[in-house]
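Subject: Structure handover

Hello,

Here is the structure you asked to look at, with the sequence alongside. Please open it first, then read the notes below.

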Amino acid sequence: FISSDIRLSSVIFVGVRLEQEFRSWRIGLVYILSAFVGSLAAALFIKNNPTVTSSGALFGLLGVMLSVLIRNWKVYSDKALLALEFLCSYALVLFV
């Protein structure tokens, strides 16, 4: 239960942060497409254990967050805090 709670909290944290910068339907579309591709990849590579997970969707949102961070690097004034925020979010999701 702890893993699902952390992943749900991460989806909310990253999703709200991205929805403030972009529109809700764009982030929703990225979430749905990432979930579909992640589930498809899991179905192709893990044949004996069917899984349902939101990890692919969460990593899709983290990818969007990273691309926004890279594209707007010169605009941000507190670069170290943003990089630390991304790295902590990524590490939390990856290792839990």
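What volume does the largest cavity have? The answer is about 110 Å³. Please keep in mind that this is a predicted model, and that the values here are computed from it.

The cavity

The structure holds one cavity of 30 Å³ or more. Its lining is made up of R17, L18, E21, M65, V68, L69, Y76, L82, E85 and F86. Helices α1, α3 and α4 each supply at least two of the lining residues. Sorted by class, seven lining residues are nonpolar, three are charged and none is polar.

The nonpolar core

In soluble globular proteins, nonpolar side chains tend to be buried together. Here the largest nonpolar core has 15 residues. Within this core, the residues with the most contacts are V14, L18, L61, L62 and M65.

To see one set of contacts, select V14: leaving aside neighbours within four places in sequence, V14 is in contact with L61, L62 and M65.

The aromatic rings

A pair of aromatic rings is described by the distance of the centres and the angle of the planes. How many aromatic pairs does the structure hold? There are two.

Because F59 lies in helix α3 and Y90 in helix α4, the pair ties together parts that are 31 residues apart in sequence.

The other pair is F86 with Y90, with 6.0 Å from centre to centre and 20° between the planes, and it is stacked. F86 and Y90 are four residues apart in helix α4, so about one helical turn separates them. Taken together, the ring pairs link F59, F86 and Y90 into a cluster.

F86 has 9%, so F86 counts as buried. F59, at 30%, is partly exposed, and Y90, at 34%, counts as partly exposed too.

Regards

Key:
Residues are numbered from 1 along each chain as its sequence is written. This is a predicted model: local features need pLDDT of at least 70, side-chain atom pairs count only at pLDDT 80 or more; totals for chains, interfaces and linings use all residues. Side-chain values use heavy atoms; hydrogens and water are left out. A nonpolar core is a set of buried Ala, Val, Leu, Ile, Met, Phe, Trp, Tyr and Cys residues joined through side-chain atoms within 4.5 Å. Buried means under 20% relative accessible area, exposed over 50%, partly exposed in between (1.4 Å probe, protein chains only). Contact means heavy atoms within 4.5 Å. On a 1 Å grid over the protein atoms alone, a cavity is a set of points where a 1.4 Å probe fits but cannot get out, and a pocket is an open set with protein on both sides within 12 Å along at least five of seven lines; lining residues have an atom within 4 Å of a point. Grid points are joined across faces, edges and corners, and a volume is the space filled by probe spheres set on the points. Ala, Val, Leu, Ile, Met, Phe, Trp, Tyr, Cys and Pro count as nonpolar, Asp, Glu, Lys and Arg as charged, and the others, Gly among them, as polar. Rings of Phe, Tyr and Trp (its six-membered ring) pair if their centres lie within 6.5 Å; planes under 30 degrees apart count as stacked, over 60 as edge-to-face and the rest as tilted.
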